Amino acid sequence: MTQRFNQPTSGNDMPRFGGIATMMRLPQAETAAGLDAAFIGVPMDIGTSNRSGTRFGPRAIRAESVMLRPYNMATGAAPFERMQVADLGDIATNPYNLEKSIGLIETGIADVLRHDCIPLILGGDHTLTYPVLRAMAAKHGPVGFIHIDAHADVNDTMFGERIAHGTPFRRAVEDGAIDPHRAIQIGLRGTGYAPTDFDWQREQGFRIVPVEECWHRSLAPLMDEVRSLMGSGPVYLTYDIDSLDPSVAPGTGTPEIGGLTTIQALEIIRGCAGLDLVGADLVEVAPAYDTTGTTALIGANLLYEMLCVLPERK
C-alpha cells in the first residue's frame with residue numbers, strides 16, 4: 001500500500017483564520033518517530049541583549065504560516081509528496097534560567113535526531129543554536145555551517161557571561177561542533193567595538209561575506225561557492241531574521257540598516273539544495289515590534305523553503 005504523507009490542511013477545508021495554529025496547519029506529533037522532518041519551536045528570549053520578545057516568535061510564525069500551500073511553484077519542490085512531516089510543538093525552556101534552557105534544548109533536539117528526523121526550528125533568540133549544534137555534532141560530528149545574520153555572534157562574553165545570543169558560535173567552535181573550514185557567515189554589518197570584530201572567526205577558517213558584498217546583486221553565484229565549500233558532509237543552516245533589512249522585517253530585537261532583501265534570502269536557501277542539510281533554524285522573530293505580522297510571515301516562508309531543500313531520505 002502506498003504510504004500517505006501528512007498534508008497541510010487546505011484553506012478550502014478550513015478557513016485560514018480557523019483551526020489549530022500548528023506550523024502550516026500540519027498534524028502535531030508527540031515524538032519524531034516515523035518522521036523525516038519536523039518543525040519544532042524553541043520559545044526563549046533570556047539570551048537577548050536589547051529588545052526582548054522572541055519567546056513569542058514560534059507562536060507568531062505558526063500563526064502566519066496558515067498562508068502557505070504545499071507546492072513550491074517556483075522550484076517545483078513538493079516536500080509533502082516525499083517526506084513525512086509534522087509539528088512537534090515546543091521545547092519547554094526554563095524562562096528563569098538560561099543555562100538550564102541550554103540543557104533542555106540540547107536534550108530535546110538530541111531526541112529528535114535519535115529518530116533520524118531533520119529538525120526545522122522556530123526561534124527563539126540565537127542562543128538556542130549553540131545547544132542545537134552540540135546535539136548535531138554528537139550525532140554527525142563537526143558540521144558545515146551556513147550562518148545568515150547581521151551579527152557574527154562570536155563574542156567571548158557579554159556582560160561577563162559566556163552564554164548569550166552574541167556568543168553561541170564561539171562556544172560551538174570551542175566545543176568542536178562546527179567545522180570552521182566549512183563555515184560561512186553572510187550579511188554581517190553595522191557598527192562594532194573595534195576594527196578587529198570579525199577577525200576571530202576568520203582566524204578559525206570561516207569565510208566572511210559582509211553585507212556590502214551583497215548589495216544590488218544576485219546571491220546565486222555566492223551559493224555556488226557555498227555548495228563547493230560545504231562539499232558532501234553534513235551541514236547546518238541558521239537564519240537570523242535580522243539579516244534582512246528592518247524596512248521589510250522590523251520585528252526583531254537588534255535591527256541593523258542596510259540588510260538583505262527577501263529575494264536574496266530565497267536565493268540563499270534555495271541555493272542550499274543538494275547539500276546534506278541535517279537541520280536548520282529561523283531565529284530572532286520578535287513579533288511585538290511588527291504589528292503587521294510581516295516579519296513572522298517572512299519567517300514562516302523561509303522555514304518552508306528550508307523544508308523544500310532538505311535532502312532525499314534513504
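Colleague: Is Arg 25 buried or exposed?

Modeller: Burial is judged by relative accessible area, and a residue counts as buried when that value is under 20%. This is a predicted model, and in it Arg 25 has a relative accessible area of 5%, so Arg 25 is buried. Arg 25 belongs to the segment before S1, and its phi is positive, about 60 degrees, although the residue is not a glycine.

Colleague: How should I read a helix, and which residues of H2 are buried?

Modeller: The general idea rests on the turn of the helix. An α-helix has 3.6 residues a turn, so residues three or four places apart point the same way. Helix H2 runs over residues 98-114, and its 17 residues reach 24 Å from the first C-alpha to the last, close to the 24 Å expected at 1.5 Å a residue. Its buried residues are Leu 98, Ser 101, Ile 102, Ile 105, Gly 108, Ile 109, Val 112 and Leu 113. These residues cover an arc of only 140 degrees around the axis, which means that they lie on the same side of H2.

Colleague: What covers the buried residues of H2, and which exposed residues does the face turned away from them carry?

Modeller: The cover includes strand S1 (37-42), strand S2 (85-90), strand S3 (118-123), helix H3 (129-140) and strand S8 (276-283). On the face turned away from the buried side, H2 carries the exposed residues Glu 99, Lys 100, Thr 107 and Arg 114.

Colleague: Which residue caps the N-terminal end of H2, and what is found just after the helix?

Modeller: The cap is Asn 97, which has a side-chain oxygen 3.1 Å from the backbone nitrogen of Glu 99. Just after H2 comes Asp 116, with a positive phi of about 55 degrees.

Colleague: How many aromatic pairs does a search of the whole structure find?

Modeller: To read such a pair, one takes the distance between ring centres together with the angle between the planes, where an angle over 60 degrees counts as edge-to-face. The search finds two pairs. In one of them, the ring centres of Phe 145 and Phe 169 are 4.8 Å apart and the planes stand at 55 degrees, so this pair is tilted. Because Phe 145 lies in strand S4 (residues 143-148) and Phe 169 in helix H4 (residues 168-174), the pair ties together parts that are 24 residues apart in sequence. Both Phe 145 and Phe 169 are buried. Phe 145 also forms an edge-to-face pair with Phe 206, at 6.3 Å centre to centre and with 65 degrees between the planes. That pair links distant parts of the chain, 61 residues apart, since Phe 206 lies in the loop between helix H5 (199-204) and strand S6 (207-210).

Colleague: Where is Arg 55 found, and which side chain does its own side chain join in a polar contact?

Modeller: Arg 55 is in the loop between S1 and helix H1 (57-64), and it is partly exposed, with a relative accessible area of 37%. Not counting residues up to four places away in sequence, Arg 55 touches Pro 43, Met 44, Asp 45 and Ile 46. With the side chain of Asp 45, that of Arg 55 makes a polar contact of 2.8 Å.

Colleague: What does the side chain of Thr 295 reach?

Modeller: Thr 295 is in helix H8 (residues 294-308) and is buried, with a relative accessible area of 2%. Its side chain reaches the backbone nitrogen of Gly 251 at 2.9 Å. Leaving aside neighbours within four places in sequence, the residues in contact with Thr 295 include Ile 241, Ala 249, Pro 250 and Asp 290.

Key:
Residues are numbered from 1 along each chain as its sequence is written. This is a predicted model: local features need pLDDT of at least 70, side-chain atom pairs count only at pLDDT 80 or more; totals for chains, interfaces and linings use all residues. Side-chain values use heavy atoms; hydrogens and water are left out. Helices (H or I, at least four residues) and strands (E, at least two) are DSSP runs, numbered from the N terminus. The expected span of a helix is 1.5 Å times one less than its number of residues. Buried means under 20% relative accessible area, exposed over 50%, partly exposed in between (1.4 Å probe, protein chains only). The arc is that of the directions from the helix axis to the C-beta atoms. Contact means heavy atoms within 4.5 Å. A polar contact is a pair of N or O atoms within 3.5 Å; within protein, one must be able to donate a hydrogen and the other to accept it, and residues adjacent in sequence count only if both atoms are side-chain atoms. Rings of Phe, Tyr and Trp (its six-membered ring) pair if their centres lie within 6.5 Å; planes under 30 degrees apart count as stacked, over 60 as edge-to-face and the rest as tilted.
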